[in-house]
Structures are given as structure tokens and as C-alpha cells.
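Here is a short note for a colleague opening this entry. Please read the points in order, with the structure beside you.

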Amino acid sequence: MADSRDEMAAEPGSFRDPRGRIYSIGERIFRTVTAEAIDDVRWLTDSGYLANLVDQGLLIPTHPVDRDAVSVPGQAAALVEHERIPFVSYPYEWPFSALKAAALCHLDLHLKLLACDGTLTDASAYNVQFRGSRPVFIDLLSVRRYVNGEYWLGHRQFVEQFLTPLLLQRLFGIPYNSWYRGALEGIALQDFARLLSFRQWLSWRLALHILLPARLQSNARHAAGRAQGLAARVRLPKARLIGLLTGLTKWIEQLEPGRGAPTPWIRYADQHSYGGAEVAQKRAFVADFMARVRPRLVLDLGCNTGDYSALALQSGAEMVIGAEADPQTADVAFRRAVAQGLNFLPLVVDAANPSPSHGWRARERTDFVSRAKFDALIALAFVHHLAIGRNVPLDQLLIWHVDLAPVGVIEFVPKSDPTVQTMLALREDVFLDYSDASFASILGRLAHIERREVISSSGRTLYWYARMRGSC
Amino acid sequence: MHVLAFFLLLTGPAHAYLDPGTGSILVQAILGAVSLGVAFFRERLARLLSFTNWRRGKSDEVARTKNGG
């Protein structure tokens, strides 16, 4: 709910660093810079480093704006404008390869900054966003000049927000997304250290970045005097800091998702229950929809490995956000997006439990659905997973779908289809209203049905809807 | 808490909004100390080597002088 006091308030997630705030005004994104931060920003812009890092795709395009040209509250010494990220996503929604790409982007930027006597004040994964499948660093005020011999203040944050989540998947085959979403700040060093076996203690990398900091943290009160004395005399040489970052880069580069049996969804595209001609008919329907609507931002619900997201992009869509509940499948989709250079960002999102608004005042991180206005929706071979698999009533399900975007294509999979038959094999059929007739009737009350086409011998049907004005 | 406050002071108040974690900072202090130790040892070793080289150089010179004379 909009609060009138917040009409011109800063973005709810930008309160931590007092040196500036983010304001979203219309389609434009502004950042205020306080007097404390102005020297660092001037150093970055005047030296040409900012332009260089933007050209390399590491930093979000940024340019200074006349302070009086835009009305933002507060005492800002300067104002800059950033390129808008088409869809803000959070690390707990990223598949493994996306979190890995974000970690490497962060390290790469830090190393390049050190080469020109700059550094990063923190290592928050939330400071990385994606344009398609390409990561980019968005927090200008995290960049400042390096002070000779200083410690890497963001080390623990980097480990907890990038490294321990990746290692949870790599070493134990457990997707980090739920844990990360609950904790918001990543997976705590000490929690992760407790999972490691004695054999894993022998890894010098785990010892250096996780076990030793976790152990010293818990003993910090006892070691206080000795630590004070040590740190007063000892600085961290720049070469050692570069060595830490380079070592982490090499380690993370070779991390793969590792253990965990492949889920059925990865092979779903090859094993679905209808034939080649039927697939061709379905693809032609979706391609025609995209070519006529030419949406800027598409939501692909249940995107699987991204077959139809790729088709949407080929047929006229500008960018696709994929929502896929299975982390392994979303990871395959992400790697496909990278390999094919697609403007496609598949995220780990369960439609029956999408990311909520949470964090400070329950507004720091916004819920998945209200984060952007999607221009079009595709939900192909998906509704039965919610209706039958998760017992969501058909009317609620369709209201939610139609609310997501003004136009879209939804596939209805009837009970006669082998997939639904399998889902019902071991349970009682309590879904008395789950039929094509009631689907069409409910959808018809919410939207105009522009086109309807049966695409399989089992009775799968595609519905092209256009939301009625004023509905939802 | 004293340690934490100390480290925050050490790194300057302008960007002290992030708690760096005492354990993580201590590990870096150890790395710094190791670097310092290695540098010290290297310097001593270099001095020792240059000293022996100097001695050897000196004795070679003496031998050459004797042979030449």
C-alpha cells in the first residue's frame, strides 16, 4: 500500500549507507550523494575510471545530473542518474550459475579498482543486478579510494552472501535459495562451518575463508587484547589483498553445482507427452502472439529450461523473466541464456510461494509479483502444477494469472492428459471443477479470449487472453 | 566489542556502516603478519647472502692478489 509520506521517499532497500539514497521518479533512477562521499565520486568520474568500468560492463551506466533539475528530498551535495535495471532480482532467486557470475563480477570489479587505487567498501550480493543474463554492479557509493594497508572490510559479507551459498550446493547438493531467502544476508559463516566434516577442514581454502574466521569470531572476546595489539602493528599489504581476491576468483571459477540427482524437470522438454507436430503448433501459436504483441517485458511462468522464453525473444519480445521452482532446471536455463546471449533471466521462484516483501519494515526487498509491470505472460503446461499439484482453486489461479500481465497465453492441460493422470495416480481426485469448460468460463469473466486452440490429441488447449479494462 | 570498535576506528568512520566481522579481520591480520614475517625473513636472508657473497668476493680478491703477486 502506498504511503503518502513515501511518495518522494528513498527506495526502501537503500537505507544502509548514509552517504546517499536511491530515488525512483517515473522511469528514471537517481542517486543522491552526500558531502562525505562527493570526493570519491568525483575521483571516479574525473579520472575516467567510471567511463572505463561502464564500457567494460562492470558498472551501471551513470551520469551526473544538475542538482536543481530534479526535485529530491534531503541535503544532497550531488545527484547522479543511473540506467534503469529492467527487473530487479535478489540473490536468493538466482540459480547457481547466476550467483557464481555475480560473485565473479564483484571480484573482477574489485581487482580492477585496486589496479587504479580504488576499492569497494562492502560486498553485498544485492549490489549486483542482471541485464539479461549479464551481471552488473549498481552501487556507485560502494566505490572509494584505497587506503594503503587497509583490510578488506567486505570479506565476511562476500563469504556469507556469495561463497557459502555456492558451497552449500557444491559440497552438499542442497540448493541455497530457501535458506538465503529466510536469512536475507546469506548463509552465516558459523552456521556453514558447523556443516563441514573433519576431512573438509583440511582444505586450506575452506580453512582460510570459513573455518578460521568462524573460529576466531567465536573466540574473539577471549583474543581481544592480542588481536588489538596485532592489528595495531600489522597492515594488510596490497599484494596480499589482491592475492585473496585472485584466489577467490580462481576457486569460484571452477565451482560447479555438483552433487544432487538431476530432477525430472531438466529433461521435461524432451519427455513431454505430446508429439512433434503438436509442439510445432504450440510454438507457432506463441510466436504469433509475441510477433503481434511485441512486449517489452515478458514473464514466463514455469519456464523450465527456457525453450519458450527463447522463442518469445526470437519472435518479438524484448526481455523475458523466467520463474522456475526447480533450482537445477533454472540453472540449465540460465546457462542457456549465457551461451546463446539471450536477454533472458530465469529465476528460482515457486509460483505457489513467490518471494515476499520482507527485510526492514517488510519493505526492504520487494515481493516478486509487484516488482515490475509485465507486458505479457506465458504460462505453458503450468496451471495443472498449481491446480492439481498444489490444490489452488481454478478461479483463484486464473485471477492471479490475469493480474500478472494485461495479455498472455495460458495452456490448459485436461485431466485426460497423461501428465495429469500421473499426478492423480496416487491421490483422490478432489478437483471436480477442473475442466476445460470451467477454465474457459472463469477466464472469459476476467478477460477477452482472443484466440483458443486445441494443440494435442489429449486435449491440451492454448488460450490467448486480453485483460478487460478495469478488471483486476 | 572493543576489538570491533578498534577495527572500525582503524578503517575510518566514513564507511563504517558495515560490520566487517571480527573473525574475518583477525584472519587478515594474521595474513598481514605472515607477509610481514616473510618480508623480514627475506630481508635477513638477502643480507646474509650478500654478506657471504661479500666475504667470498673478498677472499677471491685476496686469492687473486696472492696469485698475481
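**Notes on the predicted model**

1. Chain A has 17 helices and 15 strands. Both are DSSP runs numbered from the N terminus: helices are H or I with at least four residues, strands E with at least two. This is a predicted model, where local features need pLDDT of at least 70, side-chain atom pairs count only at pLDDT 80 or more, and totals for chains, interfaces and linings use all residues. Residues are numbered from 1 along each chain as its sequence is written, chains are lettered from A and ligands numbered from 1 in the order in which they are written, and side-chain values use heavy atoms, without hydrogens and water.

2. Overall dimensions come next. The C-alpha trace of chain A spans about 75 × 60 × 40 Å along its principal axes.

3. How much of chain A is buried? Buried residues make up 53% of its 472 residues. Buried means under 20% relative accessible area, with a 1.4 Å probe and protein chains only.

4. The largest nonpolar core has 112 residues. Such a core joins buried Ala, Val, Leu, Ile, Met, Phe, Trp, Tyr and Cys residues through side-chain atoms within 4.5 Å. Helix H3 (residues 96–115) of chain A gives the largest share, 10 residues. Ile210(A) and Ile321(A) have the most contacts inside this core. Beyond four places in sequence, Ile210(A) is in contact (heavy atoms within 4.5 Å) with residues including Val159(A), Leu163(A), Phe192(A) and Arg205(A). Another core, of 27 residues, lies apart; Phe289(A) and Leu342(A) are among them.

5. Look at helix H13 (residues 327–340) of chain A. Its 14 residues reach 20 Å from first C-alpha to last, close to the 20 Å expected at 1.5 Å a residue. Its buried residues include Ala330(A), Phe334(A) and Ala337(A). The buried residues of H13(A) pack against H3, S6 (128–131), S10 (319–324) and S11 (344–348) of chain A. Just after H13(A), Gly341(A) takes a positive phi of about 60°.

6. pLDDT is the predictor's confidence in each residue, from 0 to 100. Chain B has a mean of 65, and 48% of its residues reach 70 or more. For the complex, the predictor gives an ipTM of 0.76 and a pTM of 0.88.

Notes: Buried means under 20% relative accessible area, exposed over 50%, partly exposed in between (1.4 Å probe, protein chains only). The expected span of a helix is 1.5 Å times one less than its number of residues.
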